[in-house]
Amino acid sequence: MTHPNPSTNRLPGFSRRQAITAAAGATLTLAGRHVAHADDPQDGGSYASKRPPIDQRKFTSPSVEATITKVKADIADEQLGWLFENCYPNTLDTTVDYEEVDGEPDAFIITGDIDAMWLRDSTAQVWPYLPYMKSDKQLTRLVRGLIHRQNLCILLDPYANAFYKDLTQPSHWASDRPSPIPGVHERKWEIDSLCYPIRLANAYFERTGDSSIFNEEWQTAMHLVVKTFRTEQRKDGTTPYRFVRETSRMLDAPPFDGTGRPINPVGLIVSGFRPSDDSTLYPFLIPSNLFAIQSLRQLAKISSAQVNDQEFAAECTSLADEVQTAIDKYAVAEHMDYGQIYAYEVDGFGNAAFWDDANVPSLMSLAYLGIHQPHDPLYQRTRRFLLSQHNPYYLQGSAASGQASPHTGKDAIWPMGIILRALSSTSPEEILECVTMLRNTHAGTGFMHESFNKDNPADYSRDWFAWANTLFGELIVKIHHQHPEILSHRFSD
């Protein structure tokens, strides 16, 4: 594993984790004053809040604040309560740029230590707050504004994964080929980038009943999503997509002039990159194809019942059925120790990679996303494999055990992987094990990180990763609802 620069605790050489560029500007500078550093969390014998001062928070939700107060009061362990209070509101505290434009909301949400918005991250960052929309009008406006902003991003470039608020801003990666157009931070084609906006719009509608978001702008963006999915089935063997980057890091760009390895066009959708922003080995990324099926079925239901576009609804259903048929035939394979399980990536020729990446979508996250029920036999067999020594990216160290990612090397566990394991578990004992590891590996910072060395949590990447922070908060809230006895546990240091 590449060791982090001790002055930044950020792994060098990884594109998405580069040092902050000058484009970060005032927003990043202000929020950066309040990210944690690896020091003693105790101040005068008590755990002092790591949140920004109230007048410097980017967005405040009374409902979220009330939940923090309620849940923290029921957490017996002082350090765990401190972690929850720091992490759960981190997206709202530090990453939101919200305004009203001509009476309509517009919300831009950066990922944290990069002043750009990922379609994936921005959806995931606000996801834990959606249950509060009915009691919090301003929070509802925030989510509505994010849906609008995501529409604009898709319409700007459906192949891009990350964007700037200023749609005229040149890309930090202007040297990529083809060079991203202004407003695009990075142009890594990832299927899930187009699934997350559907997930957000669908959940917003289900919780609010507000169908006005399905306007002409949204419909145009969704037609472009489906067109892009169809194109990336590559049935004629071609694609307009290329991604070439001058880099010494093999995972930073697909081979063969940026088009990826050969595929047999069996109906699956090619993803040039994983949710980690690493290029795929075999171009059919199975968790993302499963996510696409779910998203297409949601889109079909909305288009039929709310937009009255039966033709488009039928197209979405047909594509979802086609991808599902290909999943059943090419993505479910016999493992010598676990029986029929999902492969992580396939090529349609019969080749498959058996592992997982600690991100979402992943094979582990299928139950969290609602693609599979936790007790589904196929999911359970796959999950047992993922948590075994047969998975090359499941690491066991002296500090913790958990899923890793090629993105951060051979020795780094992702807190997000541990969180997803807990979120997808039905075992209180397993959930407690995961919470214990998360509590004990934040390196005194009071926040989650992208990754940490399996034997040394102080060797970590990313001080400020809002998605991981908020996801940890989501886990604690879920435990508070379903297994409150876990939060009465007092841990030993």
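**View 1. Aromatic pairs, with Phe59 and Tyr98 as an example.** The predicted model holds 14 aromatic pairs. Rings of Phe, Tyr and Trp (its six-membered ring) count as a pair if their centres lie within 6.5 Å; planes under 30 degrees apart are called stacked, those over 60 edge-to-face, and the rest tilted. Phe59 and Tyr98 make an edge-to-face pair, with 5.9 Å from centre to centre and 75° between the planes. This pair links distant parts of the chain, 39 residues apart: Phe59 is in the loop between β2 (46-47) and α2 (62-73), and Tyr98 is in strand β3 (residues 96-101). Helices (H or I, at least four residues) and strands (E, at least two) are DSSP runs, numbered from the N terminus. Both Phe59 and Tyr98 are buried. Buried means under 20% relative accessible area, exposed means over 50%, and partly exposed lies in between (1.4 Å probe, protein chains only).

Residues are numbered from 1 along each chain as its sequence is written, and side-chain values use heavy atoms, without hydrogens and water. Because the model is predicted, local features need pLDDT of at least 70 and side-chain atom pairs count only at pLDDT 80 or more, while totals for chains, interfaces and linings use all residues.

**View 2. The pair of Phe354 and Phe385.** These two rings are also edge-to-face, at 6.4 Å centre to centre with 85° between the planes. Phe354 lies in the loop between β12 (352-353) and α12 (366-369), and Phe385 in helix α13 (residues 377-386), 31 residues apart. Phe354 counts as partly exposed because its relative accessibility is 23%. Phe385 has 0% relative accessibility and therefore counts as buried.

**View 3. Arginines over rings.** Arg245 lies over the face of Trp173, 3.7 Å from the ring centre. The charged end of Arg462 sits over the ring of Phe465, at 4.2 Å from its centre. A charge sits over a ring if NZ of Lys or CZ of Arg is within 6 Å of the ring centre and within 35 degrees of the ring normal.

**View 4. The hairpin of β16 and β17.** Strand β16 (residues 451-453) and strand β17 (residues 456-461) pair in the antiparallel sense over three bridges; strands pair if DSSP finds at least two bridges between them. A hairpin of two residues joins β16 to β17. Phe452 stands opposite Tyr460 in β17.
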